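Dear colleague,

I am handing over the structure below, and my notes on what was found in it follow. Please read them with the model open beside you.

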Amino acid sequence: MLTAKGAATRDRIVAAAAAEIRERGITAVKLDDIGRRSRTGKSQLFHYFPDGKEQLLLAVAEREAEQVLEDQEPHLGQLTSWDAWREWRDVVVEKYRRQGVHCPLGVLITEIGRHTPAAQTVTRQLLAQWQRRLELGIEQMKAAGEIRADVDPARASAALIAAIQGGVAILMSSGSATHLEYALDLCLDYLSAS
């Protein structure tokens with residue numbers, strides 16, 4: 001069990017590693033870079049992550065996964081009206097617009113997940129949780145007669161996530177959130193079509 005000071009130091013190391021990876025890519029980041037940014041020495045890095053970089057990368061993956069869902073609250077848990085869906089859409093677009101190329105999920109999927117099998121598991125779990133939360137909103141709206149009876153909530157929620165990630169990938173490479181906005185708008189139009 002970590003002390004409050006130890007937990008704060010560990011969190012600072014994970015946050016520094018995440019920031020370094022988002023800015024420079026996983027292959028360019030060295031433990032010295034993370035130590036410098038987190039104001040910790042190698043002995044502290046190995047104290048909190050005795051298995052080395054792989055263990056640290058898994059901690060970063062877990063942190064980034066949590067952040068993706070936290071950034072969408074409370075909207076993600078309240079998708080019971082079209083106003084709520086539109087508010088969620090606006091929050092998602094604005095979040096990614098602000099983050100630009102420094103997207104936590106982009107890092108998780110394109111950087112850490114490719115290099116760390118355990119992080120792939122974290123990514124799968126995140127996507128399953130995210131999809132399930134969207135699916136619940138679709139199911140509730142469908143039960144209320146607000147979404148067509150022929151809409152499959154599992155498929156529609158998976159498509160929403162794919163639309164977001166496709167739009168984010170384009171945003172990260174072009175700097176424009178237009179594709180993300182259009183993709184989400186089309187998905188919501190599909191759901192609301194009578």
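Leaving aside its neighbours within four places in sequence, which residues is S38 in contact with? With contact meaning heavy atoms within 4.5 Å, S38 touches R12, I13 and A16.

Please bear in mind that this is a predicted model, in which local features need pLDDT of at least 70 and side-chain atom pairs count only at pLDDT 80 or more, while totals for chains, interfaces and linings use all residues. Residues are numbered from 1 along each chain as its sequence is written, and side-chain values use heavy atoms, with hydrogens and water left out.

S38 belongs to helix 2, residues 31-38 (helices are DSSP runs of H or I, at least four residues, numbered from the N terminus), and S38 is buried, with a relative accessible area of 0% (buried means under 20%, with a 1.4 Å probe and protein chains only).

Across residues 30-49 the chain is 75% helix and 0% strand, and the end C-alpha atoms are 14 Å apart.

An automatic or database domain assignment divides the protein into domain 1 (1-49) and domain 2 (61-192), and their C-alpha centres lie 28 Å apart.

Finally, the largest cavity has a volume of about 30 Å³ (a cavity is a set of points on a 1 Å grid over the protein atoms alone where a 1.4 Å probe fits but cannot get out, and lining residues have an atom within 4 Å of a point; the volume is the space filled by probe spheres set on the points). Its lining consists of L31, L45, F46, F49, G52, K53 and L56.

Best wishes

Technical notes: Helices (H or I, at least four residues) and strands (E, at least two) are DSSP runs, numbered from the N terminus. Buried means under 20% relative accessible area, exposed over 50%, partly exposed in between (1.4 Å probe, protein chains only). On a 1 Å grid over the protein atoms alone, a cavity is a set of points where a 1.4 Å probe fits but cannot get out, and a pocket is an open set with protein on both sides within 12 Å along at least five of seven lines; lining residues have an atom within 4 Å of a point.
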